[in-house]
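Trainee: Could you walk me through how to read this model?
Mentor: Gladly. Let us look at it together.

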Amino acid sequence: MTAQPLLDIRNLTVEFATRRGAVQAVKSIDIQVGKGETVAIVGESGSGKSVTSYAVVRILDRAGKVAEGSISFSGIDLVTADEAQMRDLRGREISMIFQNPRAALNPIRKVGKQIEDVLLQHVQATGATAREKAIEALTKVKIARPEERYDAYPFELSGGMCQRVVIALALACQPQLLIADEPTTGLDVTTQKAVMDLIVELTRERGMSTILITHDLGLAAAYCDRVVVMEKGRVVETADAADIFRNPQHPYTRKLMQATPRIGMSLADLLPEASSGPPAQARAPQAAPAGTEPLMRVENLVKEYPRPATGAFFAKLMGKAEPSSPPFRAVDGISFDVARGETLGLVGESGCGKSTTSMMITRLIDPSGGRIVFDGTDIGAIPAKQFAASPQRRRIQMVFQDPTDSLNPRFTAERAIADPIMRMSTLNGRDALRARCEELARLVGLPVELIDRFPHQLSGGQKARVGIARAIALDPDLVILDEPTAALDVSVQAVVLNLLEELKLRLGMSYLFVSHDLNVVRLLCDRVIVMRSGAIVEQGTAEEVLGSPKAEYTKELLTAIPHPPA
Amino acid sequence: MLRMIGARLLTTVPSVIGVIIVTFLLTRVLPGDTAAYFAGPAATPQAIAEIRNKLGLDRPLPQQFVSYVTALVKGDLGQSLTTGQSVISDISARLPASAELTLVGLLLAMAVALPLGVLAAVKQGSWVDHLCRIVATAGVSLPVFFTGLLLVYVFYFILGWSPAPLGRLDVFASEPPRITGLLLIDTLVARDFETFRSAFAQLILPALTLAIFSLAPITRMTRASMLAVLGADFVRTARASGLSNTKVIGTYAFRNAMLPVVTTLGMVFSFLLGANVLVEKVFAWPGIGSYAVEALIASDYAPIQGFVLIMAIMYVALNLLIDVLYGVIDPRVRLEG
């Protein structure tokens, strides 16, 4: 650390006024960032890492205020600086990059104009040179054809491209400090790698300091000099990136480290030693004995969507048949089996067709071609609208990606779990229903006294358990797990993954596990399918595919994952 | 853009046809026998039958419909039996009066409501916010005839600042040559500032009455929509890039918040245009609303048909205008054309 840090946060406490009095989101923390240094602030949700960064830039919302402490940036006290001075600093000296790049850009303003706004505000350009300088900023973040992109609106760009625009926006005025708040959350691994590499390259080139706020230890380790670990508003550990993973001092850091899936560990390793229950038996390959019929056989499955044709309305009106362009194939003739008791991982980046595939298998949408044979019946032939009434419905269930959004906010946990039972089962009577819900709650490790609560009164992990209990309520044979842990903190993810594994063994279900997180897939799955643009690139046992991949694309995916030192 | 407008125009054709059919049928099932009403209380059944025959009311419905549509194509909406004029000339004389009143009322309301709504959202919980709430609540709670009468009582009767509420112009002023039918514009074109002043003085109280009533929806919508946008990620980005408050609120937040406000404006305008009968009555305004009500009471169906048809077409045109505005504000809408 240099003698005179660029950013010096001392004894900072941030309070939020709530109806129940002041709540401290950040409690007397000290963080220093030297010139040219890259510091990661790591922590789970609610650790106060984002609040800290908002306090630095002073964009806390109305209820929040700095209660104590000082933030000094090259000698300027940011806590007492007046608003005009802060406005000059923001964007020119200290910039921010945000999570969810598409939402971070004004949806109805050309991206070039948005960069111009910042340049003009900080007198880095005049009306005459603004356009040229904005295009220059776009060129620097390696956007292809920047002159054209200048006129694009955010909705016309991909997520990765939007994040590049946000970076261009942040770096347009050559600031000294860049704060990146979860800049790659929600982006695909390969995009994440490209974006992070770009940030590192640009900041290093200019000798800038960077604060990377993230929940991903791997990312922090791969890109940062120093790591600050935060828990519940306090800094629990600060150390060099190289040291902290080799020799974590604080128990919380150790817990985080342990919960992060890595190569060469088992599911049970994710849990803290104390709480791990009976050791899950060594996972012998679960693949069914040869000769038995697979639970589900998917043959040549296709889903086509018509391309939005321009001027289709007029053509229809005139009764003219369009020279039809070939429809878009979201899923392009894929075949695979799911054996009984097996966990099959379905991996790929956004837009590869994995969600479309899982929706066809759960019979929420109709396939355009191919067969889905489930336990001897071609369920692909039953129209999606009628499948809800089919006796097969109860045998295929789904756990959705967002545990919050997939629960009806006005149903209690019990009502949510009981929903499929009331629709599909012959179970009768209030008491029997209640008993079954309590049994399911116990099964998924949800405290029984919580099942009368509404979703907003439950934590993320508890909501995930409700979603799982609902999916297994009818004793299904196949459960489709669509990124069930993507929205959860690593420590909660560790518990939920173990729960899923335990339930599978106990209830003898098969899983189709849809995910983009290869580290998680490696832990949970017996076999893996890698998809790209609607087709299967590679399939085989998890060990083969993720250990010694044959397809170029799989290799690319694997190398893009940032690894914490094991 | 032109393509989108064309496509939207085509989709309005079925609704216009529907309106023509419905208005035709509706006026036929209204209670009251037109022929009997016009023959007078002392008329013999023979006289009534004669009038009925003259009006074509004794012919079968399909036949009546065909002749109605044929006339419609020629721009003939029929004769009003009460005024003795053709409906089209009645309406074209009265529609500008209503349009002028509603437009000025709406502009007044917007001039107050938009800044008030924006300020209330920006300074949430401050006195501006409370003022916004009071104004909005008061505006909708007071019936228009009450606000109208109150304004007349205060500004004409007590203070004597405004002229007698008797129509669009002072009895001594002469109407300017008719160009748009909107007096404020026509007088300006004719450079007749004396008449302009007179027309303005007559207009201001009824317009104010309408404005007070329409303040509420516009203010509330502006406030709610601004609040939502101010909480959006891109506003945070704009702030974090050091953009000035004017830029953040004006260019970034307000333009995004306009979308639902434009919809509300359209709804308020079309509602006011047809429904300000009470204001027209209070201020003896020769508008289209009171015309339609008088015709309805008299079972005079041709003006009612004409009124409903004109209103429906204006409504369709207004919606088209809103769609176009949407496209101007939001680039994402343009794609769907």
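**Reading the fold and its contacts**

Trainee: What share of contacts in chain A between residues at least 6 apart in sequence join residues at least 24 apart?
Mentor: Two residues are in contact if their C-beta atoms, placed from the backbone, lie within 7 Å. In chain A, 69% of the contacts between residues at least 6 apart in sequence join residues at least 24 apart. A caution: this is a predicted model, where local features need pLDDT of at least 70, side-chain atom pairs count only at pLDDT 80 or more, and totals for chains, interfaces and linings use all residues. Residues are numbered from 1 along each chain as its sequence is written, while chains are lettered from A and ligands numbered from 1 in the order written.

Trainee: How many helices and strands are in chain A?
Mentor: Both are DSSP runs numbered from the N terminus: helices are H or I with at least four residues, strands E with at least two. Chain A has 21 helices and 20 strands.

Trainee: Which radius of gyration does chain A have?
Mentor: The radius is taken over C-alpha atoms, and the globule rule is 2.2 Å times the number of residues to the power 0.38. For 566 residues, a compact globule would have a radius near 24 Å; chain A has 26 Å, which agrees. Its C-alpha atoms fill a box of roughly 70 × 70 × 50 Å along the principal axes.

Trainee: What percentage of chain A is buried?
Mentor: Buried means that 20 or more other C-beta atoms, placed from the backbone, lie within 10 Å of the residue's own; 12 or fewer is exposed, and in between is partly exposed. Buried residues make up 43% of the 566 in chain A.

Trainee: Now a helix. What does helix 7 of chain B pack its buried residues against?
Mentor: Check the span first. The expected value is 1.5 Å times one less than the number of residues. Helix 7 (144–158) of chain B has 15 residues and reaches 20 Å from first C-alpha to last, close to the 21 Å expected. Its buried residues are Val144(B), Thr147(B), Gly148(B) and Leu151(B). They pack against helix 9 (193–230) and helix 12 (277–282) of chain B. Just after helix 7, Gly160(B) takes a positive phi of about 70°.

Trainee: How many residues does each chain give to the contact between chains A and B?
Mentor: Chain A gives 27 residues and chain B gives 21. Among the elements of chain A that each supply at least two residues are helix 2 (83–89) and strand 6 (94–97).
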